[in-house]
Structure formats: C-alpha cells, structure tokens
Amino acid sequence: MNTGLLTFFAILVIIVLGGVCIALVTNKKISEDTFVSQPITNPITNPISNNDVQLYMISLDRIRDKRAAKSLPLLKNIFPKSTRFSAVDAQNIDISDPRIHPFAVAQISNNTDYDHAHINSMSQVACYLSHVELWKKCIELNEPILIAEDDPLYSDESLQDILHVYQRIPADADFASIVYLPALSYHSECEDLWCKIKPRSWYGMQLYYITPKTARILLENALPIITQVDSYINHNIGNTLPNTSSALKSYVSQKKIPFTRSSGSVLNHSSNIKKFLPESNIFWYIFFGIIVAIIIILVILFTRKCPDKCDKRKK
C-alpha cells in the first residue's frame, strides 16, 4: 500500500478513536437522539391549565420593541396570561454593588470568559437579578409561574411542543425546564419525557416552570452573585448532598424545542474554545497520547521508507 495513504488512514483511525474516548470521558452524547423527536403522546399530568398559569417575560424597556413586542404575542397564543416584566438594566448597576461577589467583580473587570458558569459582564448580573425578582414574585403570588426570556422566537410547531411539554409537567414538580440550550446540556436518569436535573448538566433559561417552594430555596443563597443564573440553579436544585435541597423534584424536558433569536444576545456571551474543553485530566492524557502515537507512526513509516531511498542514493 502507498505509504502516504497508509499514513492518512493511521491518523484518521487515531482521531476517530480519540473522539470516541473524549465523548466517553465527558459523559456527553454526540447524537441528538438523546432528545425526544417523536410527537408527544404522554398523558396530561399538570393540574394547572395553560389558560390559568401566569407567564412573565423578562424584557429590557429600552429594547422591548425589538424583542418582547415580537416574542410575547407568540407565547400568548398558548399562555393567555402572559405579561412583560421589566428587566433589571445593567446601565443602572455599578460594579461596586454589594450584591455582586468579589470573585464575580474580578471576572467582570478582567472580562474573563472561560466557562459557562462564571459571570463576565454587568449584563449577566442584570439578567440574574431579573430572575431573582421574579422568584420573589412567585412567592408573593404563592403559586407556580412560568418565566420566559424575550429573545427566542418560536414557530407554530415549537409552540405546540411547548404546550404539550407544559401540560405534561409532573404533578409533583417543583421546577421544570421547558426550553433551554440543548447544545450545552446532557441528560441522565430519564423516564418518559423528563430527566432529573444534575449539577452542571443543564443550561439555558429560555422558559421554565417554578413553584414558591423552589423560589424560596433559591433565594436563600442567591446573593451575592458569583455565577450565571442557570449555573446557580442547577447547582442548587440538582444537588444531592445531605442537608441540601435534594428533596426538590426538578426536571428538564427531553424534548428539544428549536427557536430562533429575535436579535443578538445582550449578555456578552462569546465563543471560547476553553468553554467546551473537558475539565478531566484524562482528556489531556488522551490528547497527548494521540499526538505521541502519531509521531511514532510517522517515525516508523519514515524509517521503513528511508532504506529504499538511501540505497538509491548510494548507487
């Protein structure tokens, strides 16, 4: 076989095997088959009708015409009691605000953005505080509510999926994520339509259901702010340590509900490769092992090929 072709196939095999190993190490699914793709036929379990539940959409006053004016009417089609909630504006918050933890202040000051958890902008602080205000609202009303963000735009099909998922929230649910970011999330301990929320397994606050019980628990340690709001939630309600909120029934839907964005994010999120690299040292062992293996293969192929060339040069 041609030496160049052999080299190509050797490197290709190593890369494929490395990718499989990395996927196994990170415990994340490569395929979208982990999400429910077929129509939802599970029986309705949520005792609160979609016509009765109150939905609040977080929206900045200064950009309401660009976002909430487009997205709120869509959700009103399935949740008639939907209203806009004025978001906390980052322009009205100072970095010296005592509600911001010194660690988060350092992240913001240095614009450090190396994972999905830590805060690196005042807009993210404002987003967090907006959710906190609605948790207080949930307690004030003493009934479960839906909280939505204003940038997703949904198709008719997605709206039907949202409705079907909402109607099938387990009756004992204290928290349920309906629309989130599946690219950053993975599921485990699933049954039918729902999976249990585990720490660092779910991100995205596009649309969720929350009860006063959960709101009270989240508010206990919500301030000072040290991390992104979704990270704070999944660390708290997904915690299984003794004497924590492990008694909460928290779920994330397996149904992947697509959406488009009405405009760009105001949260200063960026694409940083460090965010997607696994934290386990095993990843780096595999990575450098692959590099060493490639070098060894190339050396072996070169030494096999060299004698023929060397003999020709001598002649």
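Trainee: Which residues point one way from strand S9, and which point the other way?

Mentor: In a regular strand, side chains alternate between the two faces of the sheet. In S9, Ser 250 and Val 252 point one way while Tyr 251 and Ser 253 point the other way, and all are buried; buried means under 20% relative accessible area, exposed means over 50%, and partly exposed lies in between, using a 1.4 Å probe and protein chains only. Strands are DSSP runs of E with at least two residues, and helices are runs of H or I with at least four, each numbered from the N terminus. You are looking at a predicted model, in which local features need pLDDT of at least 70 and side-chain atom pairs count only at pLDDT 80 or more, although totals for chains, interfaces and linings use all residues. Residues are numbered from 1 along each chain as its sequence is written, and side-chain values use heavy atoms, leaving out hydrogens and water.

Trainee: In what order do the strands of the open sheet stand?

Mentor: Eight strands form it, with mixed pairing, in the order S2-S1-S3-S8-S5-S9-S7-S6. The edges are S2 (82–86) and S6, each of which pairs on one side only.

Trainee: Is Leu 193, in a loop, buried or exposed?

Mentor: Leu 193 sits between S6 (190–191) and S7 (194–196), and it counts as buried because its relative accessibility is 3%. Between Leu 193 and Val 252 there are 8.6 Å from C-alpha to C-alpha, although the two are 59 residues apart in sequence.

Trainee: What does the side chain of Arg 67 make a polar contact with?

Mentor: The partner is the side chain of Asp 150, at 3.3 Å. A polar contact is a pair of N or O atoms within 3.5 Å; within protein, one must be able to donate a hydrogen and the other to accept it, and residues adjacent in sequence count only if both atoms are side-chain atoms. Arg 67 lies in the loop between S1 and helix H2 (68–76), and Arg 67 is buried, with a relative accessible area of 4%.

Trainee: Where do the buried residues of H2 fall when seen down its axis?

Mentor: An α-helix has 3.6 residues a turn, so residues three or four places apart point the same way. In H2, the residues Ala 68, Ser 71, Leu 72 and Leu 75 are buried. They fall within an arc of 100° and so line one face of the helix, the arc being that of the directions from the helix axis to the C-beta atoms.

How values were computed
Two strands pair if DSSP finds at least two bridges between them.
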